[in-house]
Amino acid sequence: MDATPSLSLFNEAYESRTAPWVIGEPQPAIVELERAGWIRSKVLDVGCGAGEHTIMLTRLGYDVLGIDFAPHAVAQARENAAAKGVDARFEVADALRLGTEPGYQTVVDSALFHIFDDADRARYVRSLHTACRPGGVVHVLALSDAGRGLGPQVSEADIREAFTDGWELEALDTAIYRGVVQEAQAEAVGLPVGSRVDEPAWLARVRRL
């Protein structure tokens, strides 16, 4: 894909409340993952955005941290958690530099993987490897190249090629990603601004070896 979008683009999207990925609730695919028993503490919600998944998992009793590179996202996530009365934890952090101490049993990536260009994607996957315990699982929900352009899109090959050394790709299924159409997407998606849309996505389960 093209170059990884800048931090300012994401900050502006949160500040102006025009992020198409902020839907005010968790993604259905992530809800189903939890119901199916695929989430285990300690959990990292990487690229947490407005915090819907961190809030949901905290409320359900998981030990979870939400991180995002965009300060406005983290501020919005904290506001959302306070409004819901949930004592959720959020930090501003760089997903490309998650540290050297593996501590997470589960990583939830909802619409982060697909924003990276090839070089940053490789850095991101290496960073995930350092953050996960051996045997830990990363769940990646990413917009599919079968979609209409709600956001950056990736192919099946992009996912398979990213998770090779040090990983086992256990599942790669089709799913949906729910968004809210903004002006930037209205023409591509062919729907009016404010419409809810379910776009084709990939849902990968990858285990750290």
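**Helices, strands and a buried histidine**

User: Is His53 buried or exposed?
Analyst: His53 has a relative accessible area of 6%. The scale calls a residue buried under 20%, exposed over 50% and partly exposed in between, using a 1.4 Å probe and protein chains only. His53 is therefore buried.

User: What kind of model are we looking at?
Analyst: Residues are numbered from 1 along each chain as its sequence is written, and side-chain values use heavy atoms, leaving out hydrogens and water. Local features need pLDDT of at least 70 and side-chain atom pairs count only at pLDDT 80 or more, while totals for chains, interfaces and linings use all residues, for this is a predicted model.

User: Which backbone nitrogen does the side chain of His53 reach?
Analyst: His53 sits in helix α3; helices (H or I, at least four residues) and strands (E, at least two) are DSSP runs numbered from the N terminus. Leaving aside residues up to four places away in sequence, His53 touches Pro26, Gln27, Ile30, Asp45 and Ser110, where contact means heavy atoms within 4.5 Å. At 2.9 Å, its side chain reaches the backbone nitrogen of Gln27.

User: Which residues of helix α2 are buried?
Analyst: Helix α2 covers residues 28–35. Its buried residues are covered by elements including α3, β4, β5, β6 and β7. After α2 comes Gly37, with a positive phi near 85°. The buried residues are Ala29, Ile30, Val31, Leu33 and Glu34.

User: At what angle do α1 and α4 pack?
Analyst: On one side of this contact are Leu7, Asn11, Tyr14 and Glu15 of α1, and on the other Pro71, His72, Ala73 and Gln76 of α4. The axes, which are lines fitted to C-alpha atoms (for helices over the stretch in contact), lie 7 Å apart. Angles run from 0 to 180 degrees between N-to-C directions, and those under 35 degrees count as roughly parallel, over 145 as roughly antiparallel, 65 to 115 as roughly perpendicular and the rest as oblique. Helix α1 is roughly parallel to α4, packing at an angle of about 30°.

User: Which strands stand at the edges of the sheet?
Analyst: This open sheet has seven strands in the order β3-β2-β1-β4-β5-β7-β6, with mixed pairing; two strands pair if DSSP finds at least two bridges between them. Neighbouring strands are turned by 20° against each other on average, direction ignored. Each edge strand has a single partner, so one side of it lacks a neighbour in the sheet, and these strands are β3 and β6.

User: How many bridges join β4 to β5?
Analyst: These two strands run parallel. Across from Val108 stands His139 in β5, and across from Tyr104 stands Cys132 in β5. Strand β5 is mostly covered, with nine of its twelve residues buried. The number of bridges joining β4 to β5 is six.

User: At about what angle does helix α5 run to β5?
Analyst: Helix α5 spans residues 118–131. This helix lies across β1, β4, β5, β6 and β7. Its angle to β5 is about 140°.

User: How far apart are the C-alpha atoms of Pro102 and Leu169?
Analyst: Pro102 lies in the loop between β3 and β4 and counts as partly exposed at 38% relative accessibility. Not counting residues up to four places away in sequence, Pro102 touches Thr130, Ala131, Cys132 and Arg133. Along the chain, Pro102 and Leu169 are 67 residues apart, and their C-alpha atoms are separated by 19 Å.

Notes: A polar contact is a pair of N or O atoms within 3.5 Å; within protein, one must be able to donate a hydrogen and the other to accept it, and residues adjacent in sequence count only if both atoms are side-chain atoms.
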